[in-house]
Amino acid sequence: MVEDFEVLADSIGTGLRREGMAVDVVLDGTDALSHLALTRYDIVILDRDLPGVHGDDICRRIVADRLDSRVLMLTAADTVKDRVDGLGLGADDYLPKPFAFAELVARVRALARRSAPPLPPALTYEDITLDPAGRVASRAGKRLELSPKEFAVLECLLASPGVALSAEELLERVWDEFADPFTSAVKHIVHRLRAKLGDPPIIHTVREGGYRIGDKP
């Protein structure tokens, strides 16, 4: 989230975290480029009129460097020409301010589904179904009562069935940049998630590799 109005940036960041997303918030363009150089982001929510480096130049850099990040411009520049110019720079979506938060969430989730490889609206594996938009997960038709972190970890694992995801990767994708890399938070969440999923066990520990849902492909 790149937005120079700190109150708005923090408010959006808090709201997206409540939707189960890991969010880093920066307040200027220079800091945004530093973060992009270090971390692979699924979505960049980008204001245009930023201090340091203009939002348009950040968008150009993302396109030029062929980063996988999808760009959602969120800006007060709301004329048709502004939108055309923003999309012409390579932005994937454009939402003018003021906006409805529910629409922002829907657009972010839509962009996430266009990641490579594209993800379906609902994720399934055997008798497990997870609906990211509806924030509902179930097993054998029974709804699972999951915390936001449990839901997000299950979503990551279901998005890559048979693939081992390291604790470090899950920490990066589910928690924000302030998470302690030496914490056992991932281990605790996986333990709780396994208990809620019940038998037969579906999440497997991979020695020195992390966690995997299902068998190897």
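Here is a short chat about the sheet and a nearby loop in this predicted model.

Colleague: Let's zoom in on β5 and β6. Which residue in β6 is the bridge partner of T129?
Modeller: Strand β5 covers residues 128–131 and β6 covers 136–139, and they pair in the antiparallel sense over 4 bridges. One of the pairs joins I128 to R139. For T129, the partner in β6 is S138.

Colleague: And which residue takes a positive phi in the hairpin of β6 and β7?
Modeller: These two strands are antiparallel, with 2 bridges between them, and R139 has K142 as its bridge partner in β7. The hairpin has 2 residues between the strands. The one with a positive phi, near 55 degrees, is A140.

Colleague: Moving on to S147: is it buried or exposed?
Modeller: S147 sits in the loop between β7 and α6 (148–159). Leaving out residues up to four places away in sequence, S147 touches R192 and K196. Its relative accessible area is 18%, and the cut-off for this class is under 20%. So S147 counts as buried.

Conventions. Residues are numbered from 1 along each chain as its sequence is written. This is a predicted model: local features need pLDDT of at least 70, side-chain atom pairs count only at pLDDT 80 or more; totals for chains, interfaces and linings use all residues. Side-chain values use heavy atoms; hydrogens and water are left out. Two strands pair if DSSP finds at least two bridges between them. Buried means under 20% relative accessible area, exposed over 50%, partly exposed in between (1.4 Å probe, protein chains only). Contact means heavy atoms within 4.5 Å.
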